[in-house]
Amino acid sequence: MFKKYQLKNGLKVLLVESHKSPVLSIQMWVKTGSADEKKGEEGISHFIEHLVFKGSQKFNVGEIASTVEAAGGELNAYTSFDQTVFYVTISKEFQKVGLEVISEMMGFPKFDEKEIDNEREVVIEEIKRSNDSPHRQASRLLFETMYAKHPYGIPVIGYSENIYNVSRKTLLNYFHSRYNPKNMTLVVAGDFAAPEMKKQVQDFFGAFPPNRLRVVKRAKNVVARKPSLVVKTAPFAETIVHLAFPAPKASHKDIAALEMFALVVGQGESSRLNQRMRMNEHLVNYAGTSVFLARDPGFLAVSMSLNEKDLGVALEALREELVRALSEPMSEDERRKALTNMASEQFYTQETVDGLARNYGHYQDLFDDPSHFEKFLRQAEKLTSADILKVARKYLTAQNFSLVVQTPAEQKTIEPQAQKWIKETAASLKKVAGVKTKAAKPTRGKKISFVFRKAVGDKVGVEKHVLKNGITVITRPSFETPVISVRCASLGGARLEGQDNQGATELLSRVWTAGCGPYSEAVMNRRIDEMAASLSAFSGRNSEGLSMSCLRTFEKEMLELLCLTYKEPQFEQAAITREIKSMQEHVKLRKDNPAQLCVLEFMKNLFPGHPYGRDVYGDEVSIGRLKATDVREIYARKQGLTIVASGALDPKEFRQRIEDQLGDVEPGNGGNPLYPLKYPPQDIRVFLESVKEQSHIIMGYPGLTLKDPERYTLQVIQAILAGQGGRLFLELRDKNSLAYSVSPMRMEGLEGGYFGAYIGCSPEKADKALRMMNIEFSKLVEHKVPDVELARAQRYLIGKHDIELQRNSNITSALLFDEIYGIDYMETYHFTERIRAVTSDSILKLAKRLFSQPTVTSLVGPSAPW
C-alpha cells in the first residue's frame with residue numbers, strides 16, 4: 001500500500017499510490033510544534049507557518065498561492081503542539097508544481113523583514129478571533145489546567161506580545177534548527193507512478209541542507225495528586241464544562257482500551273451520555289468524550305455545553321453515568337459497536353487523497369510507523385469488556401481529575417456547588433474502584449471484517465430512472481472504496497413557512513430521524529451506530545430531505561432505515577419538546593457568534609418581506625409556539641422526491657430496493673410557490689452592537705438565480721477574489737494586514753441571490769476594510785480581468801471541483817440539487833466546459849450589472865465607522 005524510504009539528507013518519504021481520482025495530496029510533516037518552543041518563543045511555530053507562504057528563493061509574495069491555484073490546486077497548513085503540516089492538493093497533471101511549492105516553502109523561504117511585519121498584524125487578528133470564541137477559550141482553560149508545568153498548557157497560537165516583538169533573527173534560528181530534513185517527512189498520496197515520483201522527490205528535496213537539529217527537552221508535567229477545580233466567568237452566553245482525567249501518551253498499550261471506553265460512553269448518537277443527557281433529559285446542547293493523544297501524556301475528557309441553570313442537574317447525571325460505566329463491563333453489543341466504528345474509519349478516509357496522506361502522515365509522525373493503525377486495530381480486537389473496564393478504572397480515579405467550568409454566571413455562585421460535586425464524585429470513584437465485577441465468560445473479540453462484493457454494474461455510468469409513482473432515482477456506481485452515499489430531497493423548505501410557524505422546517509430536520517415505523521429513536525440510533533453509518537435530515541430555504549452514508553456491507557439495512565424514515569417518521573412529542581428547547585438555546589447563544597448575526601442582518605435587509613430574509617430558526621417566541629402539527633404540515637407539503645446514490649452499489653439492485661420499499665408512496669405535490677422579490681432601492685447600512693475584539697462585516701449586492709445563465713461567470717468572479725492568490729486576500733490581508741479571515745460570498749436561490757464579501761477585523765480597521773472591499777468591486781467594473789488572472793481563476797475552480805468530487809457525498813449533492821431545481825442532473829460533469837467558456841468580456845458585463853446596484857452593508861461589532 002505504501003513505500004517508505006529516506007533521502008541521503010535524512011528526509012523520510014512516504015509514497016501512497018491510489019488511482020481512484022487523478023489527484024494528489026503532497027504533505028510535509030515537520031516534527032516541531034508549539035511544545036518545542038523556548039520561553040519567550042511562544043507562538044513562533046505558528047508564526048513561521050504563516051511566513052513560509054510569504055515568498056521564497058523562487059516565488060515572490062502571493063506567488064506561492066497563485067501558482068498552486070493557477071494549476072487548479074489548493075494549499076494550506078496547520079500547527080499543533082507536536083507538529084506543523086503543510087499540504088497541497090492538486091491534479092496529477094501538475095504534480096511538479098505541488099512538489100516545487102512545498103520544496104520552496106520548506107527549504108528556501110525568504111523571511112522578508114517587511115512581510116514579517118505585515119504578517120504580525122494578521123496573526124494578531126487570528127488571536128483576537130480566538131479570544132472571541134467561547135469554545136476556543138474553554139479549551140485553552142482546560143489545557144492550562146491539565147498542563148500547568150508543560151508546554152501543552154500554552155496556546156499553540158502564542159501570545160500577542162511575542163508576535164509583536166519576535167525578531168527576524170530569532171525566526172531564522174528557529175526555522176533552521178527545527179526545519180531540518182532529519183526532522184521532516186514528505187507524504188505523497190494519490191495518482192502517480194512511484195519510479196517517476198521518486199526521481200522528482202530527489203530533484204526537489206535532495207538538496208535540502210542537513211542543518212544541525214536543535215534537540216528539545218520538554219518539561220515534564222506535574223500530575224496533581226488531588227482533584228482540581230477551575231471556574232471562570234467569561235463574556236459568553238454558553239456554559240462549557242470539561243471533566244478531564246490524565247492519560248498516557250499515544251504510544252502506550254492502554255490507549256486502545258481508553259479509546260473504546262470513550263466511544264461507548266460519549267461518542268455517537270447512541271452513546272450513553274448523549275442518550276441520557278441530551279436525548280432523554282434535555283440537559284445539554286451536547287455531551288461527549290474524547291481522548292487527547294499526543295507525543296507526551298494526554299487525557300480523557302468529558303465535555304458538555306449547556307445552559308448555566310441546568311449545570312447542577314447535568315453534573316449529577318454525569319457522575320451517575322461515570323459510576324455506571326466504571327461499575328460493570330460494557331455489553332458485548334457496545335464493545336462490537338466500538339470496534340466496528342474503529343475499523344470503518346480506514347475506509348471513510350480512503351475517499352480522498354488528503355485523508356490517505358493525513359492518516360499515513362499522522363501514524364508516521366507520532367509512531368514512526370505508517371501501518372500503526374493495523375496493529376492498533378488488532379490490539380483493540382483482542383480486548384474483552386473486562387479488559388476495557390480494568391484500564392478505565394486505572395485512569396478514571398479519584399486522585400487527580402480536573403473540572404473546568406467556563407460560564408457567564410458569577411464565579412462565587414458556581415464554585416460552591418462545583419466543589420461539592422468534586423467531593424462527592426471523588427468519593428463515588430473511590431467506592432467504585434473497589435467493586436468486584438462478576439466473573440463473566442470472556443468474550444474475546446472476533447476480528448472485525450467487512451465483505452465488499454462488487455456489483456455486476458460497476459462499469460456503468462450515471463443513470464436516471466423514474467419509477468411508476470414518479471420518484472426519480474439516480475445512481476452512480478464507483479468501487480474504488482466501499483463507501484456508499486445516498487441523498488433524497490423534495491422541494492419545500494423554509495419558504496413554506498408563514499409568520500405563525502417560523503422555525504418549523506428547522507424543527508422538522510431535527511426530529512425527522514427521531515424514530516420511524518416500529519423503531520424508537522434510541523433503537524434507530526443504536527442500529528445506525530452499530531453499522532458505523534450515519535442517517536440525518538437536512539432542510540434549507542428551498543428544499544428538505546435525508547442523507548445517509550454507510551459501507552457496502554450494511555447497504556441493505558441502512559437503505560431500509562432510510563426509506564422507513566422517509567415514509568413513516570414518528571414525530572414523537574418528546575423529541576419535539578427536546579428540540580424546541582435546543583433551538584431556543586441556539587438562538588440565545590447567537591450573541592457568542594457575531595459572524596452569524598452579521599449574516600442574518602445582511603439577509604434580512606437584502607431580502608425584505610421575502611422568505612430568504614427570515615431567520616430559518618425563527619425567534620424564541622415563534623419557536624415556543626411550534627407544535628407537532630406544524631412539523632407534520634411542512635412534511636406533508638413537500639413536492640416530489642429524488643433519490644441519488646453514489647458509491648459501491650449495484651444500480652439495478654439499488655433501484656429494485658427503492659421500488660420495493662417506496663413504490664407505494666406518493667412523492668408529494670404540495671406546491672412550491674415563487675415569492676415576489678424586491679431588492680432595496682438604495683444603499684443600506686445596518687449596525688448591531690457586539691462587545692467583542694473583532695468587528696464582522698458583510699458588504700453585498702443583489703445576485704443571481706439558480707438558473708441564471710451568467711451564474712458560471714459569477715463563480716469566476718468569485719474565484720478572482722477568492723483563495724490565497726485572490727484579490728481580496730492579496731490586497732486586504734497580504735498587503736494591508738487588515739484581517740485573518742476575508743473572502744467573497746455568494747448565494748443563488750429560486751427568485752434571487754446575493755454576491756458580496758466578508759471580513760473579520762479589529763474595529764479600528766473597519767472603515768479601511770469597507771473602502772478596500774468597495775475598491776475591489778469597482779476594479780471589476782472599470783477594467784477587464786487580465787488573461788493570466790482569468791486563467792488562474794478558471795483552473796482554480798476546475799481543480800477545486802475535481803478535488804471535491806472525490807467524495808461520494810459531494811457527488812450525490814451535486815446530482816440531487818441540480819435535478820430537483822430543474823437543472824440538468826448531469827450539469828456537474830459539464831462544469832469544466834462552462835467555466836472555460838467564461839471570458840473577460842462576460843465578466844466585465846456582469847460586474848457592471850451587479851456592482852452598479854445598491855449595496856447592503858451589515859456590521860456587528862463594538863462600533864461602526866458611520
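How many aromatic pairs does the count come to? I opened this notebook with that search, working on a predicted model. The count comes to 36 aromatic pairs.

**Entry 1: F143 and F292**

From the aromatic pairs I took F143 with F292, which are arranged edge-to-face. I noted 5.0 Å centre to centre and 90° between the planes. I then looked up where the two rings sit in the chain. F143 belongs to helix 5 (residues 134-146) and F292 to strand 9 (residues 286-292), so the pair links distant parts of the chain, 149 residues apart. For burial I recorded a relative accessible area of 13% for F143, which is buried. F292 has a relative accessible area of 17% and is buried because the cut-off is under 20%.

F143 and F292 are members of one aromatic cluster, together with F81, Y147, Y152 and F299.

**Entry 2: Y712 and F831**

I next looked up Y712 and F831, an aromatic pair that is edge-to-face. The rings are 6.1 Å apart centre to centre, with 70° between the planes. Y712 lies in helix 25 (residues 711-721) and F831 in helix 30 (residues 831-836), so this pair ties together parts that are 119 residues apart in sequence. Are Y712 and F831 buried or exposed? I found both Y712 and F831 to be buried.

**Entry 3: charges over rings**

Which charged end sits over the ring of Y5? I found that of K198, 4.9 Å from the centre of the ring. A second case involves R792, whose charged end sits over the ring of Y796, 5.7 Å from its centre.

**Entry 4: helix 25 against helix 31**

I returned to helix 25 for its packing. Helix 25 packs with helix 31 (residues 840-850) at an angle of about 90°, and their axes are 10 Å apart. Helix 25 is therefore roughly perpendicular to helix 31. On the side of helix 25, the contact is made by T713, L714, V716, I717 and I720. Helix 31 contributes S842, I843, L846, A847 and L850. By class I recorded 8 nonpolar and 2 polar residues in the contact of helix 25 with helix 31, and no charged ones.

**Entry 5: helix 17 against helix 23**

Helix 17 and helix 23 pack at an angle of about 90°, with axes 9 Å apart. This makes helix 17 roughly perpendicular to helix 23. I listed A504, T505, L507, L508 and V511 of helix 17 as meeting D630, V631, I634 and Y635 of helix 23. The contact of helix 17 with helix 23 holds 7 nonpolar residues, 1 polar and 1 charged.

**Entry 6: positive phi**

Most residues other than glycine have a negative phi. I therefore looked for exceptions. H282, which is not a glycine, has a positive phi of about 55°. Where is the place of H282? I located H282 in the loop between helix 10 (272-280) and strand 9. H282 is buried, at a relative accessible area of 19%; the value qualifies because buried means under 20%.

A532 is a residue other than glycine with a positive phi, near 50°. I found A532 in the loop between helix 18 (521-530) and strand 15 (534-539). A532 counts as buried, at 7% relative accessibility.

Definitions and conventions. Residues are numbered from 1 along each chain as its sequence is written. This is a predicted model: local features need pLDDT of at least 70, side-chain atom pairs count only at pLDDT 80 or more; totals for chains, interfaces and linings use all residues. Side-chain values use heavy atoms; hydrogens and water are left out. Rings of Phe, Tyr and Trp (its six-membered ring) pair if their centres lie within 6.5 Å; planes under 30 degrees apart count as stacked, over 60 as edge-to-face and the rest as tilted. Helices (H or I, at least four residues) and strands (E, at least two) are DSSP runs, numbered from the N terminus. Buried means under 20% relative accessible area, exposed over 50%, partly exposed in between (1.4 Å probe, protein chains only). A charge sits over a ring if NZ of Lys or CZ of Arg is within 6 Å of the ring centre and within 35 degrees of the ring normal. Axes are lines fitted to C-alpha atoms, for helices over the stretch in contact, and angles run from 0 to 180 degrees between N-to-C directions. Angles under 35 degrees count as roughly parallel, over 145 as roughly antiparallel, 65 to 115 as roughly perpendicular and the rest as oblique. Contact means heavy atoms within 4.5 Å. Ala, Val, Leu, Ile, Met, Phe, Trp, Tyr, Cys and Pro count as nonpolar, Asp, Glu, Lys and Arg as charged, and the others, Gly among them, as polar.
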